[in-house]
Amino acid sequence: MESKAVQSASRFDLVKWLVVFALIAVGVVGNQYFSAESLLYRVLALVALGLVAAFVALQTDRGRRFATLLKEARVEIRKVVWPTRPELVQTTIIVVVFVLVVALILWGMDSLISWLVAGFIG
């Protein structure tokens, strides 16, 4: 029984994905066909088609899993402890100083190697 339910859901999912791709294709072709029309109307039509395509895509199994992922990601982002402004400034200064020191070391090594190779070659 379970395999039939999964199989029929996947069959309908295929139809839904075909509808999504058809809506996207209509948007692309319609944008080209109506290129002489106002940009505002074309953008509004593309946004409307995009919203309909997104709604249909969210009705599929993968779409529902994606929506769940977004909800869980939002919950996890709320758990993040963001740095304060002084912490951010201090960390940024440390990174900039470290990058400058490494750049100077690499420049010095490059200059030394260039000088040695120029002396060796002539």
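Colleague: How many salt bridges does the structure hold?

Modeller: Two. Bear in mind that this is a predicted model, where local features need pLDDT of at least 70, side-chain atom pairs count only at pLDDT 80 or more, and totals for chains, interfaces and linings use all residues. Residues are numbered from 1 along each chain as its sequence is written, and side-chain values use heavy atoms, with hydrogens and water left out.

Colleague: What makes aspartate 61 and arginine 65 a salt bridge?

Modeller: The term asks for a side-chain nitrogen of Lys or Arg within 4 Å of a carboxyl oxygen of Asp or Glu. Here the closest N and O atoms are 3.5 Å apart, so the pair qualifies. The two residues sit four apart in helix 3 (residues 61-79), about one helical turn.

Colleague: And what about glutamate 76 and lysine 79?

Modeller: Their N to O distance is 3.3 Å, so that passes the 4 Å limit too. Both lie in helix 3, three residues apart; helices are DSSP runs (H or I, at least four residues), numbered from the N terminus.

Colleague: Which residues make up the largest nonpolar core?

Modeller: Val20, Leu23, Ala53, Val56 and Ala57. Such a core is a set of buried Ala, Val, Leu, Ile, Met, Phe, Trp, Tyr and Cys residues joined through side-chain atoms within 4.5 Å. Helix 2 gives the most to this core, three residues.

Terms used
Buried means under 20% relative accessible area, exposed over 50%, partly exposed in between (1.4 Å probe, protein chains only).
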